[in-house]
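I opened my notebook to record what I looked up in this structure.

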Amino acid sequence: MLNEREIESCYLGQFIPVHYHHNMLMDQNRMHSFKAAIHYAVKPGMKVLELGGGTGVLSYFAAAKASKVYCVEFNPDMVKEARKFLAINQNGEKVEVIHADAFEYMPPEPVDVVICEMIHVAMLREKQVEVIESFKRRYLERFGGPLPVFLPEAVIMAAQPLQQEYDFEGFHAPIVQFQETQVIHSGTVEMAQPAVYSVIDFTQPNELQYKWEGKFVAERSGCVNAMRFVTKNILAVVAERNSTIDWLNHYMTLPLGTPVQVKAGDILEVSFQYRAGGSIPSLQASLRADVVYEAALHPTHRLPAYA
Ligand SMILES: C[S@@+](CC[C@H](N)C(=O)[O-])C[C@H]1O[C@@H](n2cnc3c(N)ncnc32)[C@H](O)[C@@H]1O
């Protein structure tokens, strides 16, 4: 029997209030990428399933070409909103909004494409990985292969050491931050190149646990006091053009419990672990960084091979 805290953590990130969906609709980077990927992946007459439909916008994109879209949503407020919005949009009649849990729902027939956007930076909080792993298992039991195409198809996750300013009008507060990508942030100094720590391919079985230990070469001297987490979603692979349609989440920056002074050329070892769908504090609590090679102590040495 789960206690209240465990129940809360199971459902962490699953209930997104209605007003937050406006932010998602306004996020042009997200919307353009999904629209392009859905228009590419969904061919005329296809059957589509969306897990976690929210306002129904991604199902609406799919309905432009699909013959039928099953749109599953768990939050009863969003079920009402999605039905209301789809009724006033073109092809809305092709979308069936179903009030159900994506961990349990199975469509009544095989589908060609599964769209699922339960994505938070680093695959924290929301249950994308768990939902898709559960879906694949149940789908194969019910219909056998092949599996539908998943949208997104894959996710690449990377980490990067930063020197981050945490001064708020004189108030020092090392706190989790989300930052727009492709913008220069004056209080952020990139201390090393990012390193990929995980690649999720939704066509393959995926672990829910991420445990990583990696090394970075400091590109400049300073204080590493934060790690940036980068999450790039490969929404669709466009084979004809040898390219992909991607969506880069906002960067998430977590302060380190123990900041580390580095000199240019030093090797910094970083480790962390967390579970897909887990909380941000759980990742933050596991973050460690240490200098394992001081360039100044080895002036005649070449950098190690991994550098
Ligand atoms: C990040 S929002 C995306 C909504 C919409 N697909 C969009 O792109 O605008 C994720 C949605 O998944 C829903 N959700 C979360 N867990 C779910 C579950 N277990 N079953 C069905 N829906 C779920 C949430 O209520 C939320 O509406």
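Entry 1, the cavity. I looked up which elements line the largest cavity in this predicted model. I found that α2 (18-26), α4 (57-63) and β2 each give at least two residues to that lining. Helix α2 has the largest share, with 3 residues. I then asked how many cavities of 30 Å³ or more the structure holds. The count is 1. I noted about 400 Å³ of space in the largest cavity. Its lining has 28 residues, and the closest to its centre are Gly 52, Gly 53, Gly 54, Glu 73 and Glu 117. By class, I listed 13 nonpolar, 8 polar and 7 charged residues in this lining.

I turned to the largest pocket, which has about 490 Å³ of space. It is lined by 21 residues, and Tyr 20, Met 24, Ile 119, His 120 and Glu 126 are the closest to its centre. Which elements each supply at least two residues of this lining? I wrote down α2, α3 and β14 (243-248). Here α2 gives the most, again 3 residues. The classes are 10 nonpolar, 6 polar and 5 charged.

I traced an open sheet of 5 strands. Its order is β3-β2-β1-β4-β5, and the pairing is parallel. Why does one side of β3 and of β5 lack a neighbour in the sheet? Both β3 (95-99) and β5 (149-151) stand at the edges with a single partner strand each, so one side is left without a neighbour. From one strand to the next, the twist averages 20°. I reminded myself that strands of a sheet pair through backbone hydrogen bonds.

Over residues 48-137, I noted 32% helix and 21% strand. The end C-alpha atoms of that stretch are 18 Å apart.

Conventions
Residues are numbered from 1 along each chain as its sequence is written. This is a predicted model: local features need pLDDT of at least 70, side-chain atom pairs count only at pLDDT 80 or more; totals for chains, interfaces and linings use all residues. Side-chain values use heavy atoms; hydrogens and water are left out. Helices (H or I, at least four residues) and strands (E, at least two) are DSSP runs, numbered from the N terminus. Two strands pair if DSSP finds at least two bridges between them. Axes are lines fitted to C-alpha atoms, for helices over the stretch in contact, and angles run from 0 to 180 degrees between N-to-C directions. On a 1 Å grid over the protein atoms alone, a cavity is a set of points where a 1.4 Å probe fits but cannot get out, and a pocket is an open set with protein on both sides within 12 Å along at least five of seven lines; lining residues have an atom within 4 Å of a point. Grid points are joined across faces, edges and corners, and a volume is the space filled by probe spheres set on the points. Ala, Val, Leu, Ile, Met, Phe, Trp, Tyr, Cys and Pro count as nonpolar, Asp, Glu, Lys and Arg as charged, and the others, Gly among them, as polar.
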